[in-house]
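Please look over the sequence and the model shown here before reading on. The report that follows takes up a few side chains and then turns to the ligand and its surroundings.

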Amino acid sequence: MPLRIDDARMMAAAIPSGVTPAEWNELSIGFGEVHKAFADGRKAGKYGFLDLESQHAEFERVRRFVGTLTATYSEIVVLGIGGSALGAIALRTAFAKHTSVPRLHVVDNVDPGTFSALADRVALDRTLWVVISKSGNTVETLAQYAIVRAWLKRAGLAPARHLAFVTDPAAGPLREIAVRDAIPAFEVPPNVGGRFSVFTPVGTLPALLAGYDAGAFLDGARAMRDRCDSAELSANPAGLFGSLLWRAHQRAGQGTHVLMPYSDGLRDLAPWFVQLWGESLGKKDADGLPAGPTPVGARGATDQHSLLQLLMEGPADKVVAFVRVAAHKGDLIVPANGDVPEAAAFMKGRSLGELLDAEADATARALVSAARPSLTITLDACDARSMGEAMMMLMIATIYAGTLYRVDPLGQPGVELGKKLAKEALSKGVS
Ligand code: PA5
């Protein structure tokens, strides 16, 4: 079954701050305009992430490249940050088997401890470093690249065999280096920004290198995009997600939006969503006023022993979006005749997956009893197609929410100052 959203616990029938029938009507009618703005933007080529067809040729290039690497590498290391890393991390967590080779690592920070510890663990002659930067100008990624390049030189290894780039088709220093040194380089279309780029080689190159089913991932994305071609709110999962969360913020003061997967495989969907929702929507609005929700990531059942207390009894300013899977991988049964302590005797003969599901249900019901809103996104499984559906749904929801919040979801002007000050400090030798 395709991705589905249960929004019953967002409604006034379930909680006092929920959506009334009159509000639902208003949201549904208003969504016509929101969807039209999206469709117009799409037609004008603003949302390149939707145009999966025109990226097909590049996907095939990536596939051919990966096909030529006959068991050459035991380690693939992605160097990138923000939108150039979080998608690959989410895919690795969703799909990786601990025994799979090559192993996929993503270094998305410049903490020297992490980077040098990884370098100590990998065999340089069996490692492919995938440098990902849409702009090619990101100092963290360029610094990592320069260090790796020096390691390769010292070891006498050919850069063109141990490096691959994903960057702009024409602009930026990585593209120049690729041309100069014949380093394989794949393209991020100019109209696809970092946090919207997981369906380009930013996500598909690491995925294919690590042996994941990137084709099914793109199929899921395509199916979701086509489902969201509807201006009818109840038929459009991204419209529902974006509209309900925006309305909760604007009408009920619930501007903290918690994405809480009940699946370890989906754990890193949460930080990916946090960047997407936060960096896209946290902006000055059309009147120059601060706007946008505060996204938070959590994980069930682990955070029932942590954040849940706050969600239940802390400030009533949050909406929880649970993400669940219909089928768990490798489920395990608690033995019916085993040594099960009395406190957990009800688990005899039941599986860990059943326990996780029961806890997800119970948490949603407990939130209702505390008059806190939640919705549940259900995926068939933690698999490539479902991940494609979920990520596309959340990206389209972000564009809709941009219209509702009256912000431009595509830029990130607020992050520039920090970058500028760091650069100035290092240029002057100030630490
Ligand atoms: O979403 C974004 O645009 C950012 O988070 C970028 O992905 C991040 O700043 C890295 O940029 P780049 O890919 O140009 O190195």
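## Buried cysteines and the ligand site

In this predicted model, Cys228 has a relative accessible area of 0%, and because buried means under 20%, Cys228 counts as buried. Cys382 falls under the same cut-off, since its relative accessible area is 7%, so Cys382 is also buried. When the whole structure is searched for disulfides, 0 are found.

The ligand is found in the largest pocket. There, 13 residues surround the ligand, and the closest of them are Ser84, Ser133, Ser135, Thr138 and Gln275. Sorted by class, this shell is made up of 9 polar residues, 3 charged residues and 1 nonpolar residue.

| Residue | Part of the residue | Distance to an oxygen atom of the ligand |
|---|---|---|
| Thr138 | polar side-chain atom | 2.4 Å |
| Gln275 | N or O atom in the side chain | 2.6 Å |
| Arg195 | polar backbone atom | 3.0 Å |

Technical notes
Residues are numbered from 1 along each chain as its sequence is written. This is a predicted model: local features need pLDDT of at least 70, side-chain atom pairs count only at pLDDT 80 or more; totals for chains, interfaces and linings use all residues. Side-chain values use heavy atoms; hydrogens and water are left out. A residue is near a molecule or strand if one of its heavy atoms lies within 4 Å of it. A polar contact is a pair of N or O atoms within 3.5 Å; within protein, one must be able to donate a hydrogen and the other to accept it, and residues adjacent in sequence count only if both atoms are side-chain atoms. On a 1 Å grid over the protein atoms alone, a cavity is a set of points where a 1.4 Å probe fits but cannot get out, and a pocket is an open set with protein on both sides within 12 Å along at least five of seven lines; lining residues have an atom within 4 Å of a point. A molecule sits in a cavity or pocket if more than half of its atoms lie within 2 Å of its grid points. Ala, Val, Leu, Ile, Met, Phe, Trp, Tyr, Cys and Pro count as nonpolar, Asp, Glu, Lys and Arg as charged, and the others, Gly among them, as polar. A disulfide is a pair of cysteine sulfur atoms within 2.5 Å. Buried means under 20% relative accessible area, exposed over 50%, partly exposed in between (1.4 Å probe, protein chains only).
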